[in-house]
Amino acid sequence: MAQGRVLWFTGLSGAGKSTLASALYQELVSAGISAELLDGDAVRENLSKGLGFSKADRDMNVRRIGFVAGLLARHGVTVLVSAISPYNDTRREVLASLPNATEIFVDAPLSTVTERDVKGLYLKAIAGEIAHFTGVSDPYEAPTQPDLHLKTDLLSVDACLEQLRPLAGLHQEVPA
C-alpha cells in the first residue's frame, strides 16, 4: 500500500484554510484519491472537547490532530488538515513526525480576516470582549519557511488550487 501524505494548512481564522482544504478535498475525492479532511473546529468539538485555549491546551489539540493525520497517512490516505496551529515549535514537532508532510501557510492580514469574519469575533476580540483570540490577544507564529505560502488576500481560490494540486498528487491534464 502506498503511503499517503499530509497537507497541513495553517493561518489565522478567516484566512481561507478551510475553504481551500474543502475545495481540494472535493477534487481529490472526484479523482478517486482516498482523502480525509481534518478541520480544526470539528476536531476541537469531537476529539479535543474539554480543552481550553491555553498554550498547553492548544498544543495538545495540534498533537491530537497530528496523531490522527499520521495514522491515516500511514494507510495511504491524503490528509488535509485545516487548523490554526498557532505555535511554530509545536507545529514543526508534529509535522516532523508525519509521513510526507507539507506545511501550507494560508496568509491574510488582520484587516482582511476581520472583513471576512461574518460573526464579528475579531471586532469583539479587538474590543477586549473575547480573551485568548489568536492573532489579537493570543499570538499566531507564522511559519518561517513553509513549503507553500498562499496570500489569500491577493490570490483567488482557483489560483491557490493551481498551486495545491501538485502537492496533493493531482496532476493537471495538459491540453492537446
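Biologist: Which residues of α1 are buried?
Modeller: This is a predicted model: local features need pLDDT of at least 70, side-chain atom pairs count only at pLDDT 80 or more, and totals for chains, interfaces and linings use all residues. Residues are numbered from 1 along each chain as its sequence is written, and side-chain values use heavy atoms, leaving out hydrogens and water. Helices (H or I, at least four residues) and strands (E, at least two) are DSSP runs numbered from the N terminus; buried means under 20% relative accessible area, exposed over 50%, partly exposed in between, with a 1.4 Å probe and protein chains only. In α1, the buried residues are Lys17, Leu20, Ala21, Leu24 and Leu28.

Biologist: How far apart are the end C-alpha atoms of α1?
Modeller: The expected span is 1.5 Å times one less than the number of residues. For the 14 residues of α1 that gives 20 Å, and the model agrees: the ends are apart by 20 Å.

Biologist: In what order do the five strands lie in the sheet?
Modeller: Two strands pair if DSSP finds at least two bridges between them. Here the pairing is parallel and the sheet is open. The order is β2-β3-β1-β4-β5.

Biologist: Which strands stand at the edges?
Modeller: An edge strand here has a single partner, so one of its sides is left without a neighbour in the sheet. That applies to β2 (35–39) and β5 (148–151).

Biologist: What angle does helix α4 make with β1?
Modeller: Axes are lines fitted to C-alpha atoms, for helices over the stretch in contact (heavy atoms within 4.5 Å), and angles run from 0 to 180 degrees between N-to-C directions. Helix α4 (residues 88–96) packs on the sheet and touches β1 and β4 (101–107). Its angle to β1 is about 170 degrees.

Biologist: Which residues have the most contacts inside the largest nonpolar core?
Modeller: A nonpolar core is a set of buried Ala, Val, Leu, Ile, Met, Phe, Trp, Tyr and Cys residues joined through side-chain atoms within 4.5 Å. The largest has 26 residues. Those with the most contacts inside it are Phe9, Leu24, Ile104 and Leu164.

Biologist: Which element gives the most to this core?
Modeller: Elements giving two or more residues are β1, α1 (17–30), β4, α6 (121–126), β5 and α7. The largest share is four residues, and they come from α1.

Biologist: Is Thr78 buried or exposed, and what is its relative accessible area?
Modeller: Thr78 lies in strand β3. Its contacts beyond four places in sequence include Arg5, Leu28, Ile33 and Ala168. Thr78 is buried, with a relative accessible area of 5%.

Biologist: What is the relative accessibility of Leu167?
Modeller: Leu167 is found in the segment after α7. Beyond four places in sequence, Leu167 touches Arg5, Leu7, Thr102 and Leu148. Leu167 counts as partly exposed because its relative accessibility is 27%.
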